[in-house]
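User: Please take a close look at one helix-helix packing site for me. Walk me through who touches whom there.

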Amino acid sequence: MRFSSLYIPTLKESPAEAEVISHKLLLRAGMIRKLTSGLYTYLPLGLRVLKKISAIVREEMDRAGFQEVLLPMVQPADLWRETGRWEHYGKELLRFKDRNERDYCLGPTHEEVMTDLVRGEIKSYRQLPLRLYQLHTKFRDEMRPRFGLMRGREFIMKDAYSYDADLPQAQESYRIMHECYTRIFTRLGLKFRAVEADTGSIGGNFSHEFMVLADSGEDTIAYCHDCDFAANVERADVVYQEAAAKTPCQALESVATPKAHTVEEVASLLGVTHDKIVKTMIFVVDGKAVAVLVRGDHEVNDVKLGRYLKASQVELASQDVVERVTHAPLGFAGPCGLEIPIYADNSLRLGNDYVVGGNCADTHLIHIDLDRDTKISAYADLRTILESDPCPRCGGQISLTRGIEVGHIFMLGTKYSQAMHATVLNEQGVETTMIMGCYGIGISRIAAAAIEQNHDEAGIVFPWQIAPFSCILINLDLKNPEVCAKVEWLYQHLKSMGVDVLLDDRNERPGVKFKDADLLGIPMQLVLGGKSLARGVVEATERASREKCELPLEGFAEAFSAWQDKVMAKSQ
């Protein structure tokens, strides 16, 4: 295609609204434009990127034995009421009524609709396994849409569902999809890791997230240097080390701590280390207040708390709630005398003689023995893993890195199929509930994540597999008929070779063309001007490494193919 006929409205500066690099560069490169909060229009180059991502996803899903369908985006509330999610999904579910006052929603996901389809058609175990997928637009009414395509309200997603007759068959579907996702993200040219994850609002027995590794990622991943363990910190277990019997401590004592609200301030005032201070955090779990205790150098993991208490909703208590249950201002909450359930992290079993809030302004208590002085409901793993913790699988060294979730696979079990009575007759003629798996990939999020992982000061550095064009051919001298003729010959020659090439035929200064070529992230750049034509060569630059070489015009096809193979090999 020719640059002069394409709609590529590039920008010299990043719009003020853009925060992360992918948002800035997608806007500057003329790939997306904002319609309103969380809603974006995909321009020609952006759409080409999405189509290339989608093509790889489709090829691998078909290869894995999944069949493509297309389900309605508008979903009736009756199906969501069957599973109980109409009431519990939250405000992200955009609900509305039709002209007949019937309730509907815009689909954020399609478990109910797909299961409704399957239960009406599948009656025997002989028809299983059934594995279906779609590529579709989703809508989630995010409270704070941000970061462009990273967290929008409307997005493009591949979601797939497996229906199996028994657990071994379901485990095989999960294995197939795990391998499929590994092939997909490898083919997309991304650095990624599959990590153990929490199942979240989707539910199920277990799940894995596929994370693109990037410093700007919203998620933190814990991984081991000595084995293949990797998990989202929301899911990573902390190894509990049994300790020797605790040494008795003195009787608790109240001390004045004026204006000392934080762990740092209390530690400095009292001359103790952070691990000797116990933080008392008040949460509201399914509408009821609970207290959670962790060491001062640890953080409460609210996902673990929700999983331990089998809760559907966990949120940090408001100031009003904290003051009501502790009778103290923020910063002075403590476990002594509380009349709500108290849950303590396992690490607090290892020590004694703690400092806690005094449930009174400007007051703390010292010499606390939690078992003696408080009413602990239970000890559990309630904190976030640290690099100082051992690997929960092999005891090796843990490191933390950032990642962007681009795929998630769930072993759902019978959560939805049982609620919706999706059953088959087994080999003995007995009615059994189908076992489900659910598998999602964020198509539009991949485009953003790829840029977060692959960029430099000049712009995007796309992996060749998903770049809008694999090669850009730049004419440096539009006034020279010989150069224009040879550029046109190269352009037609590249197309005949099957190269996805963009010809920059604009009447612009060379500097503008070079800057746009870098900004758009096209992997291979070819440049021809009067001087290079006189030498009988085309100047070639690899976008990622900036390596330059010259390709002879005589025998160009062979030279270009060899260079292209070299560029592609680096992106594998």
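Analyst: First, a bit of handedness: a crossing is left-handed if the near helix is turned anticlockwise from the far one by less than a right angle, and right-handed if clockwise. Keep in mind that this is a predicted model, with local features needing pLDDT of at least 70, side-chain atom pairs counted only at pLDDT 80 or more, and totals for chains, interfaces and linings using all residues. Numbering runs from 1 along each chain as its sequence is written, and side-chain values use heavy atoms, leaving out hydrogens and water.

Now to the site. Helix α13 (residues 481-496) packs on helix α16 (residues 556-570) at about 60°, and their axes lie 11 Å apart. Helices here are DSSP H or I runs of at least four residues, and strands are E runs of at least two. The axes are lines fitted to C-alpha atoms over the stretch in contact, with angles from 0 to 180 degrees between N-to-C directions. So α13 is oblique to α16, and their crossing is right-handed.

On the α13 side, Trp 489, Leu 490, His 493 and Leu 494 make the contact (heavy atoms within 4.5 Å), meeting Phe 556, Ala 557 and Phe 560 of α16. That's six nonpolar residues, one polar and no charged.

Leu 553 sits in the loop between β31 (548-552) and α16. Because its relative accessibility is 13%, Leu 553 counts as buried (under 20%, with exposed over 50% and partly exposed in between; 1.4 Å probe, protein chains only). Leaving out residues up to four places away in sequence, Leu 553 touches Lys 486, Trp 489, Leu 490, Leu 533, Gly 536, Val 537 and Val 538.

Conventions. Parallel < 35°, antiparallel > 145°, perpendicular 65-115°, else oblique. Nonpolar A, V, L, I, M, F, W, Y, C, P; charged D, E, K, R; others polar.
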